[in-house]
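Here are my notes on the model, in numbered points. Please read them with the structure open.

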Amino acid sequence: MAIAVSTKSIDHLQHQLTESLEGFRSQHEETDRVAALKAAQKLVNALQKPQDSVYHLAYSPTHAMCVRIAIDLGIFTTLTERNAPVSLDELAAVKKASPILVERVLRVLVGIDYVGESDTRIYIATTMTRQLTDRLSISVIKFIFDVGMPTLAKVPDFLRSQDYRNPEGAATGPLQFAEKIDETIWTWLPQNPENLDSCNTFMEGDRGARPSWLEWFPVEERLLCNADPDAEILMVDVAGGRGHDLAAFMARYPDAEGRLVLQDLPHVLEESNLDTQRIEKQPFDLFKPQPIHGARIYYMKFILHDWSDEDNHVILTQLAGAMKKGYSKLIIEEFVMADRDGAMLPAMWDWEMMIFCNSMERSQSHWNRLLEGAGFKVVKFWAPPGDGQSIIEAELK
């Protein structure tokens, strides 16, 4: 049977892909890589029969499920450590699992190229096999699957119960609906140490391979060259988790003068292993007054997207009270949603924010309203290369 695909459309998409690939080959720029990837995905979509596309989408949750099972079975670790072909029986023996069950998992993993086949029931490591031995990648899978998936399955029911109104309230969202709880994720997670560890490690790896802001934002020009050398505090990482971003800043600018302060909840700070000679740990509640006054940089990465506009007004107002007008800078690292032709990752992340925090990602106009309402002005929205997180540079009005 002939496939109803427009030859003209295919030719156009192939031309777009070729141009993007040529740009990436010659310049090796992140923007060109993302453009080539998007063009390739469009070409695949055009070649896919619509009915088959529906089936692939409907069955795609099995991909994440099999990856999650494979982590528990030690498949990725075993194949990576052996660095040679491994039989089905050997892989099953690692956890004394049924070979037929392991084979069912491996069929999907081979299909998505997370494991390779060298012969019948003989398997080898691929690039993705090795990636799934990385502790950050493992935690991303564990946190999203173990904590997020049960709630994700209940989101349609939740939205029906809300008459499809956009939900608000940190303790009244899909997570609370699914788990039958009346507390926020931040008080609920510590009750399960394994999920809490996955969450905190996930926060370390949530940038993925997207470039750090330190690689492309003009830090010296915008932040360091005008810093007061006599000021005691250079940078405060507000709700900075285990301090991985602050440690990266210190490593890149070791000679920058002034103390660095990591703020977060006490149980999070206990897990942080930092150079305490330069970085000070300070227990901190976002909804209470900011105790560090007059710092040059107040940095918040993926914090405000955890909260509603109402909660963020409180958070930002407390922060504004500690900042020095005309000197202190608020540096927000977040996604800034495009009004059209947006990247897929932020769009998916937006739904994860509803699932976990009953919150959302925001557009440029939304960020402007939020910040101006709390006494700030946006100096500039800085766009990253490719589809990474943006930097919002703000200061007091």
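1. A definition comes first: two strands pair if DSSP finds at least two bridges between them. The model is a predicted one. In it, strand 4 (residues 233–237) and strand 7 (residues 297–301) are joined by three bridges. The two strands run parallel. Within this pair, D237 stands opposite Y299 of strand 7.

2. Seven strands form an open sheet in the order 6-5-4-7-8-12-11. The pairing is mixed. Strand 6 (279–283) and strand 11 (376–382) are the edges. Each has a single partner strand, so one side of each lacks a neighbour in the sheet. On average, neighbouring strands are turned by 20° against each other, direction ignored.

3. Look next at E395, which sits in strand 12 (residues 390–396) of this sheet. Is E395 buried or exposed? Its relative accessible area is 17%, under the 20% cut-off, so E395 counts as buried. Its side chain has a polar partner: the side chain of K329, at 3.1 Å.

4. The largest cavity holds about 40 Å³ of space. Which residues line the largest cavity? They are V238, F284, L286, K288, Q290, M300, I315, Q318 and L319. By type, this lining has six nonpolar residues, two polar and one charged. Helix 18 (residues 309–320) gives the most to the lining, with three residues.

5. On to open space, and the second largest pocket. Its volume is about 570 Å³. The lining has 30 residues, and those closest to the pocket centre are W186, A239, D264, I303 and D306. Several elements give two or more residues to this lining: helix 12 (185–188), helix 13 (193–204), helix 16 (244–252), strand 5 (259–264) and helix 17 (266–269). Which element gives the most? Helix 13 does, with four residues. The lining of this pocket divides into 15 nonpolar, eight polar and seven charged residues.

6. Two backbone angles deserve a look. Most residues other than glycine have a negative phi. K96 has a phi near 55°, a positive value in a residue other than glycine. K96 lies in the loop between helix 6 (88–93) and helix 7 (99–111). With a relative accessible area of 80%, over the 50% cut-off, K96 counts as exposed.

7. Where is R121 found? R121 is in the loop between strand 2 (116–119) and strand 3 (122–124). Its relative accessibility is 41%, which lies between the 20% and 50% cut-offs, so R121 is partly exposed.

8. To recap for your own check on screen. Then find the side-chain contact of E395 with K329.

Key. Residues numbered from 1 in each chain as written. Predicted model: local features only at pLDDT ≥ 70, side-chain atom pairs only at ≥ 80, totals over all residues. Heavy atoms only, no water. Axes fitted to C-alpha atoms, helices over the stretch in contact; angles between N-to-C directions. 1 Å grid on protein atoms, 1.4 Å probe; cavity = no way out; pocket = protein on both sides within 12 Å on 5 of 7 lines; lining within 4 Å. Points joined across faces, edges and corners; volume = space filled by probe spheres on them. Nonpolar A, V, L, I, M, F, W, Y, C, P; charged D, E, K, R; others polar. Buried < 20%, exposed > 50% of the residue type's maximum accessible area, 1.4 Å probe, protein only. Polar contact = N/O pair within 3.5 Å; in protein donor to acceptor, adjacent residues only side chain to side chain.
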